[in-house]
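I opened this notebook to record what I looked up in the structure shown below. The entries follow the order in which I consulted the model.

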Amino acid sequence: MSIQATFPSAGHHSKDAGATYNGRQENKETMVFRNLLTTELRFLGVKFITDDDNETNREYQARIKPGKGSVILDIHFNAGSPAASGTECFIANDASAHSQEMAKEICNTASSVMGIKNRGIKTEGQSQHNKIGILHQGAGTAVLWEICFISNQDDMAKYDQNRGKLAKEIAKICKKYDDLI
């Protein structure tokens, strides 16, 4: 049976650090942001189901049963050269119009709030994985978001200064798409 909800997830779990730069681990950073986001979602009255910090992505994807009216937001930090900068979103190759619109709003909002480059929307085919499982769980709206570059100290400083406001704004976007379907 499918569940209608918003599914915010930290892209990495406690045993998968993800990208690590300048003493910061992607898994810990995504967990902090996910928790800020769920606080804002709760305030807005949005029903949500999150990943568990100890479950793998595969375990999480097997557990959740999002319905067509659901929203998935998988949260990550990008990594690259120390000069690489910006925010971007990935959507499925055959993404719904809602996924495309939500990804665009997230990129525009994150770029504006943090004052960093908007790298735009990319399809999973443009990613290093070619297919991203979390984007194919049956939700009407599904986005993988790279907040900024963990490998860029300036990006991370801007994120640190603005993460509370960013969580509020992204929660509003999640609510908007949760309410659409």
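Which residue of E4 does Ser-9 stand opposite? I found Ser-9 opposite Asp-74 in E4.

**Basis of the entries.** I worked from a predicted model, in which local features need pLDDT of at least 70 and side-chain atom pairs count only at pLDDT 80 or more, while totals for chains, interfaces and linings use all residues. Residues are numbered from 1 along each chain as its sequence is written, and side-chain values use heavy atoms, with hydrogens and water left out. Helices (H or I, at least four residues) and strands (E, at least two) are DSSP runs, numbered from the N terminus.

**Strand E1.** I noted that five bridges join E1 to E4 and that the two run parallel; strands pair if DSSP finds at least two bridges between them. I then looked up burial, where buried means under 20% relative accessible area, exposed over 50%, and partly exposed in between (1.4 Å probe, protein chains only). Five of the five residues of E1 are buried. Thr-6, Pro-8 and Ala-10 lie on one side, Phe-7 and Ser-9 on the other, and both faces are covered.

**Strand E5.** E5, residues 87–91, is likewise recorded as mostly covered, with five of its five residues buried. One side carries Thr-87, Cys-89 and Ile-91, and the other carries Glu-88 and Phe-90. E5 pairs with E6 in the parallel sense over five bridges, and with E7 in the antiparallel sense over three bridges. I followed Glu-88 to both neighbours: its bridge partner in E6 is Gly-120, and in E7 it stands opposite Glu-146. E5, H3 and E6 make a right-handed β-α-β unit; right-handed applies if, with the strands pointing away from the viewer, the path from the first strand over the helix to the second runs clockwise.

**Cysteines.** How many disulfides does the structure hold? I found zero disulfides, a disulfide being a pair of cysteine sulfur atoms within 2.5 Å. The sulfur of Cys-107 has its closest cysteine sulfur in Cys-89, and because the separation is 3.7 Å, it is too far for a bond. For Cys-148, which is in no disulfide, the nearest cysteine sulfur is that of Cys-107, 12 Å away. Cys-107 counts as buried at 1% relative accessibility, and Cys-148 counts as buried at 0%.

**Helix H4.** I located a bend of about 70 degrees at Asn-162 in H4, residues 153–180; the bend is the angle between axes fitted to the seven residues ending there and the seven starting there. Asn-162 is among the buried residues of H4, which also include Met-156, Tyr-159, Leu-166 and Cys-174. Their cover includes E1, E3, H1, E4, H3 and E7, with contact meaning heavy atoms within 4.5 Å. At the N-terminal end, Asn-152 caps H4, with a side-chain oxygen 2.8 Å from the backbone nitrogen of Asp-154.

Most residues other than glycine have a negative phi. I therefore noted Asn-22, which counts as partly exposed at 48% relative accessibility. Its phi is near 50 degrees, and Asn-22 is found in the loop between E2 (20–21) and E3 (24–25). Asn-130 has a positive phi of about 70 degrees and sits in the loop between E6 (118–123) and E7 (141–149).

Key:
A polar contact is a pair of N or O atoms within 3.5 Å; within protein, one must be able to donate a hydrogen and the other to accept it, and residues adjacent in sequence count only if both atoms are side-chain atoms.
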